[in-house]
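I opened this entry to look up two things.

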Amino acid sequence: MQGWLKGRGSADETIRHLLGKLLADGVVDGLLVSLRTPDARNAVPTLVRDAALLERAVPLAPVLPVNAGMALGRITASGALGRVGAVMRNCELRTAVELSKVKQVVLDDVLFIGVDCLGTYRVEDYARMVGEGLDPVVSALAVARQGRVEPLDGFAFRSACTMCERPIPGEGESYAPHIAFGLLGVESTERLWVSVRDDRLTEVLGVEPAEEPEARIAAVQTLVAARTAERDRRLTEFSERAHNPLALLAEFSTCIRCQNCMVTCPICYCKECIFRTEVFDHPSPRYWDWAERKGGVRLPSDTLLFHVTRMLHMAHACVGCGMCSDSCPVSIPVADIFRAVGQRVQESFGYVPGRDPDEEMIIATFREDELGEMGK
Amino acid sequence: MTDFEPRIVAFLCNWCASTAADLAGTSRIQYPPNVRVIRLMCSGQLDPIYVAKAVLEGADGVLIGGCHPGDCHYQSGNFKARRRVAILQQVLGQLGLEPERVWLRWISASEGQYFADTVTEMVETIRELGPAPLRGQWSI
């Protein structure tokens, strides 16, 4: 069911009002939503049980300090004490779907509330904007109203966002959020565009059914096409750049082995990652042996192995949220690399990360009648 | 490249491929001594990280041997291995790391001759390919 809801000011204010209503009516027992920190320089995913706190909610805050899909795991994986309404952008929703397949998120307890993603900024950029008295939500909505997604003058979106071809919840996915608020091409103070998955919610929210406005359809198409083109350009660029082992080594030559990409990656969920064990802490004499054989050995060793292993373990399920690139202190375009590698694996198995919770992860399953050409 | 002797790391499952290697030995079948065997309980036990480690450390080839499809001692381990190797080869291919150096073969416990033939064929093929691209690279 799609249609309009009565506006209560800007989309931001209307959504905040509706979140309060969902909590007050007992549709959900808690909300996972971004709240302004007390200093207002950040907006962080917060489990809210007291509706009074919602006045600090910024459901459209264009910042991604952590992937909320990962946060959702914290509050559902080992037993949610009620139903949580999770306000998420689409990359976070895809994360939640992927994590549900490996039992790190329990979807039964979640009511997803999707919002059109109008782009996000790096945490430090967001803090600077707020410090300078700018309101990134107001400006994002003003542009979205005209069917566009653009960063504020003098700022740039996070790198992953600029090649995100899936910014609209439910659009092209088999799994739509229970409620999806639409902004692109339709934002106004009088009314709010919404897609709702079940009749009860239609009633609770008071949806007035309507056909999707042409302006919105066109705006979504234009955005998705532009992002897809940018994605293809960058992934091709990587493939052409790192086409041989030495070029590949060059991609990671500046890596300082902080493992931030692994820590911030929501898909890299293993509690005990092999790189946090002693498996590759070799006895000292081994390093001397290697140094003798090769003339020398870079320390710490296994830098390329670390990245290739992550590619083998998680790139097939990469949702493209870009947390890895954000957290890299030496600006390696980790997300571009992982998306480029992941895309090839995903395509060969017809797998789209985050599209459908019932689709099994590539490495979690097999078919007897596949890959017959392999092995002899 | 006449003096190049390929070094091949073989991950063989306990129940089929490594038993076949034993059979090749007890049957006195001759095959090139270029292979270093690591026995696993099942090909499905092989985390691709160890194949990647071998490839990046300069192994000229990696052979993964398991039971024929349908014959896995643990029912489905070899099917899991097949997917993992498929993913591994795609990733290596994407990175320019020569996936043709990683072989997956189904070798039953009675196929001692086939094991020897496989090793022979692999050694010759890799001799043609030349040394692994990252062999001797200190900065990996």
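I began with the link of C16(B) and C67(B): it is right-handed, with 100 degrees about the S-S bond. The two sulfur atoms sit 2.4 Å apart and form a disulfide, defined as a pair of cysteine sulfur atoms within 2.5 Å. I noted that the pair links distant parts of the chain, 51 residues apart. C16(B) is in the loop between β1 (8-13) and α1 (17-26) of chain B. C67(B) is in the loop between β3 (61-66) and α3 (77-94) of chain B. Helices (H or I, at least four residues) and strands (E, at least two) are DSSP runs, numbered from the N terminus. Both C16(B) and C67(B) are buried, where buried means under 20% relative accessible area, exposed over 50% and partly exposed in between (1.4 Å probe, protein chains only).

The model is predicted, with local features needing pLDDT of at least 70, side-chain atom pairs pLDDT 80 or more, and totals for chains, interfaces and linings using all residues. Residues are numbered from 1 along each chain as its sequence is written, chains are lettered from A and ligands numbered from 1 in the order written, and side-chain values use heavy atoms, without hydrogens and water.

How many disulfides does a search of the whole structure find? I found one over all chains.

Why does C13(B) stay out of a bond? Its closest cysteine sulfur, in C67(B), is 3.7 Å away, which is too far. C13(B) is buried, at a relative accessible area of 2%. I checked C42(B) too: the closest cysteine sulfur, in C72(B), is 4.0 Å away, too far for a bond. C42(B) is buried at 9%.

Next I turned to cavities. The structure holds 10 of 30 Å³ or more. A cavity is a set of points, on a 1 Å grid over the protein atoms alone, where a 1.4 Å probe fits but cannot get out; lining residues have an atom within 4 Å of a point.

The largest cavity has a volume of about 130 Å³. It is lined by 16 residues, and S34(A), A68(A), V87(A), R89(A) and E92(A) are the closest to its centre. β2(A) gives the largest share of that lining, three residues.

The second largest cavity holds about 110 Å³ of space. Among its 15 lining residues, C91(A), C117(A), C161(A), C164(A) and P167(A) lie nearest the centre. Helix α3 (residues 90-101) of chain A gives the largest share, three residues.

Note on methods:
On a 1 Å grid over the protein atoms alone, a cavity is a set of points where a 1.4 Å probe fits but cannot get out, and a pocket is an open set with protein on both sides within 12 Å along at least five of seven lines; lining residues have an atom within 4 Å of a point. Grid points are joined across faces, edges and corners, and a volume is the space filled by probe spheres set on the points.
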